[in-house]
Amino acid sequence: MSIAKNKDGIESLNCDNHYARLPAHFYNKQMPDGISDPKMVSLNPQVLALLGLDSEVNSDVYSDALLQLCSGNYLPAGFEPLAMKYTGHQFGHYNPDLGDGRGLLLAQVKPASVDTDGADSPTWDLHLKGAGRTPYSRQGDGRAVLRSSIREYLCSAAMQGLGIPTTQALSVVVGSDAVMREQVEQAAMVVRVAESHVRFGHFEHFYYTQRLDDLKLMLDYTLTQHFPDALTAEVPYLAFYKQVVTTTAELMAHWQAVGFVHGVMNTDNMSILGQTFDYGPFAFQDNFDPAYVCNHTDYSGRYAFNQQPQVGYWNLMALGRSLTPFMDIAPLNETLQTYDDIFLAKLRQLMRAKLGLQQVQDGDGELIKNLLEILASNEVDYTHFFRLLSGFDSTLDGAEVALNSAIRDQFIDREVFDAWAVQYQQRLALESSVDDDRKVQMNRANPKFILRNYLAQQAIEQAADYDYSLVNELLNVFANPFDEHSEFEALAALPPEWGRKMVLSCSS
Ligand code: AMP
Ligand code: MG
């Protein structure tokens with residue numbers, strides 16, 4: 001593929017490939033295996049802007065250069081693609097054979113622009129997922145399919161719009177190559193954009209192979225690049241661990257509050273920056289079910305919704321174990337024991353915001369717990385309920401709270417709602433804000449639009465027929481999921497019967 005000369009900035013992306021400066025046995029340098037006849041399914045302008053690139057450029061050369069870049073067919077100057085080696089615990093079992101089996105870190109890009117506050121813009125990893133076989137592919141073909149690529153792309157955008165820490169995705173491209181899964185599917189690629197692609201599993205790799213010099217190098221690299229504050233702490237590796245414990249606990253709180261089930265929380269899917277790399281068999285809660293398992297291969301329910309906080313802890317324990325060659329277990333353990341408090345404090349803060357509570361009161365935990373119980377026992381739609389709750393009329397007297405009928409009607413057992421509504425009304429009486437103000441505030445904490453699996457499924461089916469409009473509509477709506485978007489009202493609809501509690505396959 002020949003690319004014309006003027007690519008409006010793409011050719012001159014400023015690379016700072018610090019990972020590629022690590023010793024050669026930390027990765028495998030290789031070229032992507034591009035897909036044929038690529039078509040741009042969707043390009044996220046916000047992510048493009050992060051890279052200092054313009055989404056408004058109206059030039060065929062520029063669009064084509066982006067398409068070729070995002071399909072593994074063109075590498076701008078300075079790109080040094082490599083597959084990272086890491087390992088990790090999958091479903092509780094250590095697997096020494098992991099690594100980038102179908103993705104390549106293409107480059108680490110540092111946009112020339114500086115933020116208005118003078119802060120340096122971060123360096124962004126560009127990771128091409130579906131880029132062909134690597135030494136870590138095991139039996140896999142190194143490819144990604146359209147279905148899973150759209151899911152990852154939309155979920156990254158949805159999380160970003162919700163204000164939840166996340167890796168981002170620049171693009172989804174589809175090609176004409178056939179990929180064999182349970183059926184023949186179209187090959188696709190996503191360009192993932194994140195400040196780091198260092199996983200818990202990077203450290204586990206060197207720990208379990210007892211290559212302590214390499215482990216130390218990996219740690220020092222990570223602190224230098226991503227945790228500069230930890231470098232000057234009394235015990236730098238402990239300070240690093242503290243930060244990972246904190247951001248991971250907070251991420252779990254975000255997921256629980258928004259009703260997100262990740263589905264495959266293996267340690268190789270955990271970023272040291274408190275994000276996840278893997279949006280595979282995930283789900284957002286429709287009818288609230290604390291025990292929801294969305295991953296078809298998760299027979300024991302290890303990654304059920306209500307297990308996630310514990311799994312976050314377990315994964316952090318696995319990371320902590322990898323630090324034991326360099327420090328006592330006691331301080332690591334002490335740090336790990338802060339997890340519960342950090343998680344709970346964050347969860348309470350997020351749930352209070354969802355309920356429109358600005359003050360902190362003793363009974364809040366109980367109020368939240370009671371609500372979650374009745375949402376579960378009545379199979380109430382989680383997102384829809386909280387959005388409706390912003391219209392709760394707290395001025396009604398006594399038994400009249402039952403007049404909050406739109407909310408009440410979500411419950412099969414209306415009386416359990418009435419009982420809770422009285423508690424809620426009493427609690428709201430302790431607040432200083434009036435209903436109207438609270439509504440505005442609650443609508444900023446409770447999204448109207450969420451990436452329900454049925455929506456993702458519809459977008460995927462249309463895209464398989466070369467119609468990418470729904471993918472792009474969803475992308476736009478999820479950028480601001482708290483806004484009304486009256487023209488897209490249909491995208492806030494409850495799932496049809498077939499779309500409820502979907503269970504998804506990992507074979508992507
Ligand atoms: P995941 O389930 O996507 O987190 O992947 C777990 C491991 O399997 C990682 O090392 C991936 O790189 C690898 N992997 C997943 N799918 C493929 C594939 N189609 N080809 C090669 N490796 C894969
Ligand atoms: Mg993964």
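Mentor: Around ligand 1 there are 17 residues, and those that come nearest are Gly-99, Gly-101, Arg-138, Gly-142 and Asp-278 (near: a heavy atom within 4 Å). The model is predicted, so local features need pLDDT of at least 70 and side-chain atom pairs pLDDT 80 or more, while totals for chains, interfaces and linings use all residues. Residues are numbered from 1 along each chain, chains are lettered from A and ligands numbered from 1 as written, and side-chain values use heavy atoms, without hydrogens or water.

By class, the shell holds eight charged, seven polar and two nonpolar residues, with Gly counted as polar and Tyr as nonpolar. Both domain 1 (10-197) and domain 2 (202-349) contribute to this shell, so ligand 1 lies between them; the bounds come from an automatic or database assignment.

Three polar contacts (N or O pairs within 3.5 Å) may be described. The backbone of Gly-101 places an N or O atom 2.7 Å from a ligand 1 oxygen. For Arg-143, a backbone N or O atom lies 3.3 Å from a nitrogen of ligand 1, and Arg-181 brings a polar side-chain atom to 3.4 Å from a ligand nitrogen. The protein buries 84% of the 480 Å² that ligand 1 exposes when taken alone (Shrake-Rupley, 1.4 Å probe).

Ligand 1 sits in the largest pocket, with more than half of its atoms within 2 Å of the grid points. A pocket is an open set on a 1 Å grid, probed at 1.4 Å, with protein on both sides within 12 Å along at least five of seven lines.

Key. Polar contact = N/O pair within 3.5 Å; in protein donor to acceptor, adjacent residues only side chain to side chain. 1 Å grid on protein atoms, 1.4 Å probe; cavity = no way out; pocket = protein on both sides within 12 Å on 5 of 7 lines; lining within 4 Å.
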